[in-house]
Amino acid sequence: MMYSEKVMDHFMNPRNVGEIENADGIGEVGNAKCGDIMKIYLKVEDDIIKDVKFKTFGCGSAIATSSMATEMVIGKSLQEALTLTNKAVAEALDGLPPVKMHCSVLAEQAIKSAIIDYAEKHNVHVDGLEDVEIDDDHDHHHDIEEEE
Amino acid sequence: MEKRRVYMDYAATTPMKKEVLDAMLPYYNDLFGNASSVHAFGREVKGCLDEARDQVAKLINAQSSEIYFTGGGSEADNWAIKGVAFANKEKGNHIITTKIEHHAVLHTCEYLEKHHGFEITYLDVDSEGRIDLEELKNSITDKTILISVMFANNEIGTVEPIKEIGQIAKERGVLFHTDGVQAIGNVHIDVKDLGVDLMAMSAHKIYGPKGVGALYIRKGVKLHSIVHGGAQEKRRRAGTENMAGIVGFGKAAEIARVNLNENIKRLTELKERLINGVLEKIPYTRVNGSLDHRLPGNTSFCFEFIEGESLLLSLDMMGIAGSSGSACTSGSLDPSHVLMAIGLKHEIAHGSLRLSLGYKNTEEDVDYVLEALPKIVDRLRQMSPLYEKVAKGGNE
């Protein structure tokens, strides 16, 4: 399996690792059984993501996609962040091996899940949120493998 | 710390020893003849087949005539199992194996089950990876034609009770095949004393070339061929002999035999240094497989809260080569079937690391790993949401 230099860079030097105390929104997706858990912490001001941190249990690409996804949403409005797709994350990393595409799905879902948490906690409306579905059965491996 | 290059994946494959390569080289060029040819070019290479057969036989106390060269360990396993199955169809259709076999055995059994009407019993193993002899005895029926239990496990290094299995097989009149690929050159093997009827071997795990293996077939054991064609290997395995490979295997087997005691002593010491160091330096760690019945050079760990592939990549960045039974290294959903069979929970099994030692490893290598590994595990744990609770002082 070959990872791009960007994947290795984000794996070895992940951006935005950690926690945010009193985060405005927290999203956690995946489960330990599958070997991937991503947890995203958001700090939001005036609908703008001011800070984002992550913690990930998973393989190299799980860590790299978490890192890249946080970089891609920081400074964005919640509405913009909701449009982040797993493909965009994978492309920003110069691609992922096919069997690892599920990691990018997880990263996309972790961000969305944190925004949902924020909207619920603060009782605010975010355009586009009504269309978001988080895959709760954690079958992301299967979904992706069937798509290939 | 100064970066080193440390190979600790000898269970995957080994570098060839120089003497092995030197012995092989003439057979690619000067001595290129086909052993089946009548002319001088053919005749001059024929003798080396017997010598190599003899060298491999001596490593396991077999007779030279009981060694048949194959295209590798997987082919040897396939031949033993399919060969016995097809030759004994009238007698029965039941085969007993274990849940922790190499895929060369497991997939062969599954194939026979799916396409040829055989019934397979997959024995459980205990938490150390050893089979229960009572369960084995109770599994044997009057339809049982073969027991196939690996000599030593490739992932967790557990050595199975081969002599006891051999006795049970003999008492019940069932043939006994063992996949000896990980064991030869690493433990004392006497097929006569152990009561083994068939044993698969591979050259590239003992500093020989890839693409050559052998099957030990005890004299008198009947099995069908699976590679049909010419009259090579006493008409039992066709195909022009891989002369250089066979010569290399023979040489590697001879070196392994001569060095066996020293090899066992040295690797056992290095292994203990590594296991003790890891357990001392890294909390929330377990050793997989039996400590008492274990290959000299095998270490297998699970580190809680982290995943094996990210561990392997990090080690690789430090120049250290190991392997993992993590699902993410295979692209499948489940971690290794071996780690599952010894009863590990998924989340623990995902964080596995096998470091298998070999002849080039030194104490300095081990100490380097003991310096690098704790930092890597800690870095990944600091990133892990599973570790948060523990780090914050909560109980597991």
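The largest pocket of this predicted model has 41 lining residues, and those nearest its centre are H102(B), H103(B), N154(B), E155(B) and R354(B). Five elements of chain B give two or more residues each to that lining: α3 (73–87), α4 (103–116), α11 (327–330), α12 (337–341) and β12 (352–356). Chain A and chain B bury about 2,200 Å² between them, and three salt bridges cross their interface.

**The largest pocket**

- The space in the largest pocket comes to about 650 Å³.
- Its lining consists of twelve nonpolar, 21 polar and eight charged residues.

**The interface of chain A and chain B**

- Chain A brings 28 residues to the contact, and chain B brings 24 residues.
- Of the area buried between chain A and chain B, 66% is on carbon and sulfur atoms.
- Counting pairs with both residues at pLDDT 80 or more, 14 residue pairs are in polar contact between chain A and chain B.
- On the side of chain A that touches chain B, at least two residues come from each of α1 (5–12), β2 (36–45), β3 (48–57), α2 (60–73) and α6 (140–147) of chain A.
- That side of chain A is made up of 15 nonpolar, seven polar and six charged residues.

**Salt bridges**

- Over all chains, the structure has 25 salt bridges.
- One of them pairs K100(A) with E309(B), whose closest N and O atoms are 2.9 Å apart.
- This pair joins two chains, because K100(A) is in the loop between α4 (86–92) and α5 (101–122) of chain A, while E309(B) is in helix α10 (residues 308–317) of chain B.
- Across the interface of chain A and chain B, the number of salt bridges is three.

**Cavities**

- In the whole structure there are two cavities of 30 Å³ or more.
- The volume of the largest cavity is about 40 Å³.
- Residues of both chains line the largest cavity: T56(A), F57(A), G58(A) and I63(A) from chain A, with F305(B), I306(B), E307(B), S310(B), L380(B) and S384(B) from chain B.
- By class, the lining of the largest cavity has five nonpolar residues, four polar and one charged.

**E119(B) and its surroundings**

- E119(B) is part of strand β4 (residues 119–123) of chain B.
- Apart from neighbours within four places in sequence, the residues in contact with E119(B) are N93(B), H94(B) and I95(B).
- A253(B) is 134 residues from E119(B) along the chain, and the C-alpha atoms of these two residues are 36 Å apart.

Notes:
Residues are numbered from 1 along each chain as its sequence is written. Chains are lettered from A and ligands numbered from 1 in the order in which they are written. This is a predicted model: local features need pLDDT of at least 70, side-chain atom pairs count only at pLDDT 80 or more; totals for chains, interfaces and linings use all residues. Side-chain values use heavy atoms; hydrogens and water are left out. Contact means heavy atoms within 4.5 Å. Buried area is the accessible area (1.4 Å probe) that two parts lose on being put together, summed over both. A salt bridge is a side-chain nitrogen of Lys or Arg within 4 Å of a carboxyl oxygen of Asp or Glu. A polar contact is a pair of N or O atoms within 3.5 Å; within protein, one must be able to donate a hydrogen and the other to accept it, and residues adjacent in sequence count only if both atoms are side-chain atoms. Helices (H or I, at least four residues) and strands (E, at least two) are DSSP runs, numbered from the N terminus. Ala, Val, Leu, Ile, Met, Phe, Trp, Tyr, Cys and Pro count as nonpolar, Asp, Glu, Lys and Arg as charged, and the others, Gly among them, as polar. On a 1 Å grid over the protein atoms alone, a cavity is a set of points where a 1.4 Å probe fits but cannot get out, and a pocket is an open set with protein on both sides within 12 Å along at least five of seven lines; lining residues have an atom within 4 Å of a point. Grid points are joined across faces, edges and corners, and a volume is the space filled by probe spheres set on the points.
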